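Trainee: Could we go through this structure together? I would like to discuss a few residues and helices.
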Amino acid sequence: RSDYIVTKDEVYGYAHHWLSTALQLECAGRKCTTSVLWRVLLLAAARVVSLGAICRDLANAPSHETVRSALHSTLPCVTELERRLNLALATELPKGLRRKPRMIAIDLTAVPYYGQPCSDPKELFRGKAKAGTTRFHAYATAIVVHKGQRFTLAVTRVEQNEKMHDVVQRLLQIVARQEIKIRFLLLDKAFFSFRVLHDLKQAGHGYIIPTALRGRKPKYKKKPTGLRAIARKATGYYIHRMTGQVGRVKQSIQLTICVSSKTYTYRKTGKRHYKKLPFAVYRVRRSPSQIRETYRLRFGIETSYRQMNQARSRTCSRSPAIPLLHFSIGLVLRNAAVLLHFKLN
């Protein structure tokens, strides 16, 4: 039906069923029962406010302290909570996702945090200043694009000084348990490292990753070398040898670098600009322009984050489990809305 409107009750029903079945929270309080706790959590996510604001505005609602105590007493440890939240994301996926291999986009997002760590300094991810802080709760997600709809398949926490190849391996293991076949991966530039490229090649997964031009720039009147030299070449494919360590063993891998290009209008001056775009490509046979356009599909994950933030309740809790719960509830609400659109269109 082209005139069907997705209602809030339908999205709430799907999200409540998925979350309550996977997380299995049990509140035995007199005022704050399990159903009341889920209503407060989902309403806070829908209004993008804190639990305290919801408890203050709702009539006959338990106090904020009662809800906070019930939530902290029923939540499992962070590792177990992450496992259950991934079950909630995969409760009801479209059957079409499992019929043939799909493109999987992996990205890293950071939620600003302004306090101190709860028990371990590694809980907080340190990065460039954003929104007045350099401390974040960082999460990596794997999203599949199917008929224009983006489904979140997996989410995992990223701690300080954690290696990116461990993060990618955890996400791929979660995707494999959901029986989703991988056509190739679209990864962010933050994942461009020797170990990530080595592990993906060993596992046989194709990928498209923008190359990170690290290191010093060449001095005056000296030609650049390595990836910087390839990035300046004409559009086409080139071979580059990359060395690194796997454990204590020094190894090298052969990379296929695709140099693409684009022209765009610089908004400040209104003039046309020309830019080179180098990508590391493996097991993807397409022209340089097609590689560029294919990688543009990954930017849909940024839209997913924006929509998730429109359904993520606010918190200042020091416990890493609470921000993870609110972040994942936003992803589950978004998955429920996408599933309804997919079924009705």
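This is a predicted model: local features need pLDDT of at least 70, side-chain atom pairs count only at pLDDT 80 or more; totals for chains, interfaces and linings use all residues.

Trainee: Where is R102 placed?
Mentor: R102 belongs to strand β1, which covers residues 102-112.

Trainee: Is R102 buried or exposed, and how far away is the nearest side chain of opposite charge?
Mentor: R102 is buried but has no salt bridge. The nearest side chain of opposite charge is that of E179, 13 Å away.

Trainee: What does R102 touch, then, leaving out residues up to four places away in sequence?
Mentor: With those left out, R102 touches G96, L97, V144, H146, K181, I182, R183 and F184.

Trainee: On to the rings. How many aromatic pairs are there in the whole structure?
Mentor: A search of the whole structure gives six aromatic pairs. In the pair of Y295 and F299, the ring centres are 5.8 Å apart and the planes stand at 85°, so this pair is edge-to-face.

Trainee: Why does Y295 count as buried?
Mentor: Y295 counts as buried because its relative accessibility is 5%, and buried means under 20%. F299, by contrast, is partly exposed, with a relative accessible area of 43%.

Trainee: New topic: P278. Which strand is it in, and what does it touch?
Mentor: P278 is in strand β9, residues 272-282, and is buried at a relative accessible area of 13%. Not counting residues up to four places away in sequence, P278 touches P210, T211, A231, I257, C258 and V259. The C-alpha atoms of P278 and L213 are separated by 9.4 Å, although these residues are 65 residues apart along the chain.

Trainee: Finally, the helices. What covers the buried residues of α5?
Mentor: The cover includes α1 (8-23), β4 (149-158), α6 (164-177) and α11 (321-344). The buried residues of α5 are V78, L81, E82, R84, L85, N86, A88 and L89.

Trainee: How many residues of α11 are buried?
Mentor: In α11, 19 of the 24 residues are buried, so the helix is mostly covered. From its first C-alpha to its last, α11 reaches 35 Å, close to the 34 Å expected at 1.5 Å a residue.

Definitions and conventions
Residues are numbered from 1 along each chain as its sequence is written. Side-chain values use heavy atoms; hydrogens and water are left out. Helices (H or I, at least four residues) and strands (E, at least two) are DSSP runs, numbered from the N terminus. Buried means under 20% relative accessible area, exposed over 50%, partly exposed in between (1.4 Å probe, protein chains only). Lys and Arg count as positive and Asp and Glu as negative; His and the chain ends are not counted. A salt bridge is a side-chain nitrogen of Lys or Arg within 4 Å of a carboxyl oxygen of Asp or Glu. Contact means heavy atoms within 4.5 Å. Rings of Phe, Tyr and Trp (its six-membered ring) pair if their centres lie within 6.5 Å; planes under 30 degrees apart count as stacked, over 60 as edge-to-face and the rest as tilted. The expected span of a helix is 1.5 Å times one less than its number of residues.
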